[in-house]
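Please look over the sequence and the model below. The paragraphs that follow walk through them.

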Amino acid sequence: MDLDFPHGKKLRLVVGDITKIRVDAIVNAANSGLHGGGGVDGAIHRAGGPTLMRELDVIRAAQGGCPTGSAVVTTAGALPAKFVFHAVGPIYRDGSHGEPDELASCYRTCLELAEQHGVRIISFPAISTGVYGYPVEEAAGIALDTVAKHLENPASGVHEVLLVLFDQGSYEVHSKMAARRP
Ligand code: APR
């Protein structure tokens, strides 16, 4: 499903494996220690190769990890992209501990990094909706709102944003939320 924005910009919802889709920047759902993990983080490190962790080691040594709601940049190793933006989503408790702001901040930070790095096409997984337990419908609303706001800005250089959903159920929830948008 595609949502169209002014100047030919697009937000696309797709089902798939984010490591297989060619873009300029792939967003990872990382942890604040930048240590790698399972889920999409594991898949990105497996497909990207050891370069990613070597670069994260340097970042960790310099700044001691990455705060929730923010992201750090590495090259993409063997992945079909130029960069990986390692974003740290919130661990969901009950939604009243700043989780919505932190999740929106992940998307916003990655879109700002995209602008700084001349990225035109960027892919996101559904950050925090796996191990971190964020309810998919709520997370989808935040992802869609934050990305839409960016694409509506005529000054944005980002042209296409892919939300890559790993399973059909997540795709359907995101599509339902996208269809409800005015
Ligand atoms: N492509 C796209 N999406 C994927 C892929 C993939 N290859 N693999 C998993 N996903 C989906 C999951 O189905 C889920 O919907 O990514 C979404 C995010 O799930 P997680 O990877 O569990 O990420 P998150 O909930 O943000 O938890 C982050 O998990 O792997 C660890 O190191 C990571 O500690 C961190 C935590």
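Helices (H or I, at least four residues) and strands (E, at least two) are DSSP runs, numbered from the N terminus. Residues are numbered from 1 along each chain as its sequence is written, and side-chain values use heavy atoms, leaving out hydrogens and water. The model is predicted: local features need pLDDT of at least 70, side-chain atom pairs count only at pLDDT 80 or more, and totals for chains, interfaces and linings use all residues.

Start with Ile 18. Its place is in the loop between β2 and β3. Is Ile 18 buried or exposed? Buried means under 20% relative accessible area, exposed means over 50%, and partly exposed lies in between (1.4 Å probe, protein chains only). Ile 18 has 4% relative accessibility, so it counts as buried. Contact means heavy atoms within 4.5 Å. Leaving aside residues up to four places away in sequence, Ile 18 touches Ile 26, Val 27, Val 40, Ile 44, Ser 123, Phe 124, Pro 125 and Val 164. Phe 5 is 13 residues from Ile 18 in sequence, and their C-alpha atoms are 23 Å apart in space.

Now the nonpolar cores. A nonpolar core is a set of buried Ala, Val, Leu, Ile, Met, Phe, Trp, Tyr and Cys residues joined through side-chain atoms within 4.5 Å. The largest one has 40 residues. Its members that touch the most other members are Leu 11, Phe 85, Ile 122, Phe 124, Val 161 and Leu 163. Two or more residues each come from β2 (10-15), β3 (25-30), β5 (83-88), α3 (99-116), β6 (121-124), α4 (136-152), β7 (160-165) and α5 (168-179). Apart from this core lies another, of 11 residues, including Ile 44, Leu 52, Ala 81 and Val 84.

What does Ile 122 touch? Not counting residues up to four places away in sequence, its contacts are Ala 25, Val 27, Phe 85, Cys 110, Leu 111, Ala 114, Val 158, Glu 160, Val 161 and Leu 162.

Strand β5 is next. Six of its six residues are buried, so β5 is largely enclosed by the rest of the structure. Both faces are covered. Phe 83, Phe 85 and Ala 87 are buried on one side, and Val 84, His 86 and Val 88 on the other. Two strands pair if DSSP finds at least two bridges between them. β3 and β5 run parallel, joined by six bridges. Within that pairing, Ile 26 has Val 84 as its bridge partner. β4 (residues 71-75) pairs with β5 in the antiparallel sense, over five bridges. Here Thr 74 stands opposite Val 84.

Turn to helix α1 (39-48). Its buried residues are Asp 41, Gly 42, Ala 43, Ile 44, His 45 and Gly 48. Their cover includes β3, α2 (51-63) and β5. Just after α1, Gly 49 takes a positive phi of about 90°.

Which residues are closest to the ligand? A residue is near a molecule or strand if one of its heavy atoms lies within 4 Å of it. By that rule 22 residues surround the ligand, and the closest are Asn 31, Gly 38, Asp 41, Ser 128 and Gly 130. A polar contact is a pair of N or O atoms within 3.5 Å; within protein, one must be able to donate a hydrogen and the other to accept it, and residues adjacent in sequence count only if both atoms are side-chain atoms. A polar side-chain atom of Asp 17 lies 2.9 Å from a ligand nitrogen. For Asp 41, a polar side-chain atom lies 2.6 Å from a ligand oxygen. Gly 130 places a backbone N or O atom 2.8 Å from an oxygen atom of the ligand. On its own the ligand has 700 Å² of accessible area, and the protein covers 90% of that. Accessible areas come from the Shrake-Rupley method with a 1.4 Å probe; for residues, only the protein chains shown count as cover.

Most residues other than glycine have a negative phi. Ser 128 has a positive phi, near 75°. Ser 128 sits in the loop between β6 and α4 and is buried, with a relative accessible area of 5%. Leu 34 also has a positive phi, near 55°. Leu 34 is in the loop between β3 and α1, and at 1% relative accessibility it counts as buried.
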